[in-house]
Amino acid sequence: MTSVSDKVTQQIQGLPEDISFGYGQLALAKQDYQTAAKALERLQKKGVIKKLSKGIFYKPKKTVFGEKKPDEQQLLKPYLYQNGQRTAYITGDYLYNQLGLTTQVPAVIKIASRNRRIFINTGSLKATAVKSYVDVTDNNYQMLGFLDAIKDFKQIPDVDVVNALAVFKSRIRPLNEAQRQMMIDYALAYPPRVRALLGVVLTDLNLTKGIRKLRDSLNPLTTFDLGIDDSLLPNVSDWNIQ
């Protein structure tokens, strides 16, 4: 029978370099965590792994310039999962930079989750918590991040409106019908300005199936000051956007 120590060693040997991991990424029962901690401590002393923060480790990548730490995405990954299930995702300006909506990279990353408050302050890695509008899964976190970008459209640093609308269209256009309907359903949990802007973009792309849900969810007397006129999106006035 394989011991807990051997299981830990074997699993870590199978992990690629330059990624981080926590206890949740190791196939261990919770009652084995204490024994696993001792095994991880021995592997640290041997230099096989390095500790990032409490319960979070990484396998250093050897390069001609020395050991390389995982990038921020990999460093954050263990925090985004709970019991092997994704429950959080990266959002805010860090994500919007990756989407091509801003050139700025924030010093503090935002992590969204429905039921968890995730704060990180270890070395150069700093993150703060925001609440997601729906439960987060591996299947929807990218869509939720995209809807966050629509929500924060006017607050994104140095955002270019023309470029942002082009990014929104380029992200929506390849979606199949089921994915678009999923996005519409998730948008119903977001503030009205998200529903309005998503609705007008879908209309502009002539992808109108299901958008009645968005229109019916809006107060016809409410207007949205988003700095978008008819020259950018012909149907903005139909969605009370200005």
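A residue is called buried when its relative accessible area is under 20%, exposed when that area is over 50%, and partly exposed in between, as computed with a 1.4 Å probe on protein chains only. Helices (H or I, at least four residues) and strands (E, at least two) are DSSP runs, numbered from the N terminus. The model is predicted, so local features need pLDDT of at least 70 and side-chain atom pairs count only at pLDDT 80 or more, whereas totals for chains, interfaces and linings use all residues. Residues are numbered from 1 along each chain as its sequence is written, and side-chain values use heavy atoms, with hydrogens and water left out.

In helix H5, the buried residues are Met143, Leu144, Gly145, Phe146, Leu147, Asp148, Ala149, Ile150 and Lys151. Because 9 of the 11 residues of H5 are buried, this helix is largely enclosed by the rest of the structure. Its buried residues pack against strand S8 (88-91), H4, H6, H7 and H8, where contact means heavy atoms within 4.5 Å.

The axes of H6 (residues 161-172) and H8 (residues 192-204) come within 10 Å and cross at roughly 70°, the axes being lines fitted to C-alpha atoms, for helices over the stretch in contact, with angles running from 0 to 180 degrees between N-to-C directions. H6 and H8 are therefore roughly perpendicular to each other, a term that covers angles of 65 to 115 degrees. Leu165, Phe168, Lys169 and Ile172 in H6 meet Leu197, Leu198, Val201, Leu202 and Asp204 in H8.

A nonpolar core is a set of buried Ala, Val, Leu, Ile, Met, Phe, Trp, Tyr and Cys residues joined through side-chain atoms within 4.5 Å. The largest such core has 46 residues, and those with the most contacts inside it are Leu197 and Ile241. Its largest share, 7 residues, comes from H8. Ile241 touches Ala196, Leu197, Val200, Phe224, Leu226, Ile228 and Val236, not counting residues up to four places away in sequence.

| Core | Size | Residues, among them |
|---|---|---|
| Largest nonpolar core | 46 residues | Leu197, Ile241 |
| Second, separate core | 17 residues | Leu52, Leu76, Tyr94, Ile120 |

An open sheet of 3 strands has the order S1-S3-S2 with antiparallel pairing, two strands being paired if DSSP finds at least two bridges between them. S1 (20-22) and S2 (50-53) are the edge strands, each pairing on one side only. S2 is joined to S3 (residues 56-58) by 3 bridges, and Lys51 has Phe57 in S3 as its bridge partner.

How values were computed:
Parallel < 35°, antiparallel > 145°, perpendicular 65-115°, else oblique.
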